[in-house]
Amino acid sequence: LGHKSRIWDLASDRSGRWLCSASGDNTVRLWDVWACLESHENSRFDSGEAAEMSGSNMQVRPEHTILNAGHSGDVYGLEFHSDQRHIATAGYDKSVRLINIETNKVVKEFNGHSSAVTHVKFNPVGNLVISVSKDSTIKFWDTISGVCIRSFFQPVGEVTSLDVSRDGLQILSSSKDSSIRLWDVRTGRALRRFRGYQNSSLNFIRAVFGPREAAVFSGSEDGKVYAWDTQSASPLAKLRGHTGPVFHTAWNDTQALLASCSDDGTV
């Protein structure tokens, strides 16, 4: 059986074999995509074929493992480290945790937010965990010492999402004042604000960088997907198709495709 409540976030490793999910049931689960596909294929056989296979020497791999994240409450976000052996998780309990997925142990806990942590990312080098929270802050944590080395404060609105540029010099945050901000990591200054979409009441509307980081995409409570030019912050498009709030978007460079997910149950 899988999660017992809504799934807030997903993250995949580079190989595509391992998928992590964060849920409102307080758990983080590590899924073996290959085992899931094998199970799906086996379910297509009739009972006679299934019985014959079960009597063979074929090994049945577990589809998923529950990771010992230790959060008390919803787990809102997660991200794979570049070494592919660790993940960071963000929780309602105001904490960020670093988990070794090979040993299934928490190796570091980051505390300092005064409200729920809504999203988490690593910088490209992997020496920093970056977290955003309902306390309106963005925090940078050293993965070795566990110390918060820097904080950005956003004066209005809970921060609901985070994305990091490929060079790690800029970050994108969305918040419940219906604004998306582009930050310069070196100066801690907000360079631009992207407006026009709706993000004021729901958990969680998230924004991402688009192709070559020249565009910004976001879902919206009005059921549209919004796109802006990164340099000018001018609107590029409003994409219609969903009948409910759009929570998240994902851009794939290889396929040049944009995907979105919505409260209407569609992708």
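Predicted model: local features only at pLDDT ≥ 70, side-chain atom pairs only at ≥ 80, totals over all residues.
Strand β3, which spans residues 28-32, is mostly covered, with five of its five residues buried. Val28, Leu30 and Asp32 point one way from this strand, whereas Arg29 and Trp31 point the other way, and residues on both sides are buried. Strand β3 pairs in the antiparallel sense with strand β2 (residues 18-23), over five bridges, and within this pairing aspartate 32 of β3 is the bridge partner of tryptophan 18. Four residues lie between the strands in the hairpin of β2 and β3, where asparagine 26 takes a positive phi near 75 degrees. Strand β3 also pairs with strand β4 (residues 64-67), again in the antiparallel sense, over four bridges, and here tryptophan 31 stands opposite histidine 64 of β4.

Threonine 89 is found in strand β6, which covers residues 86-91. Because its relative accessibility is 0%, and buried means under 20%, threonine 89 counts as buried. The side chain of threonine 89 is joined to that of histidine 71 by a polar contact of 2.7 Å. When neighbours within four places in sequence are left aside, the residues in contact with threonine 89 are Val28, His71, Val75, Gly77, Leu78, Ser95, Val96, Arg97, Ile99 and Val120. Val28, listed among these contacts of threonine 89, belongs to the group that points one way from β3 together with Leu30 and Asp32.

How values were computed
Residues numbered from 1 in each chain as written. Heavy atoms only, no water. Helix = DSSP H or I, 4+ residues; strand = E, 2+ residues; numbered from the N terminus. Buried < 20%, exposed > 50% of the residue type's maximum accessible area, 1.4 Å probe, protein only. Polar contact = N/O pair within 3.5 Å; in protein donor to acceptor, adjacent residues only side chain to side chain. Contact = heavy atoms within 4.5 Å. Pairing = 2+ DSSP bridges.
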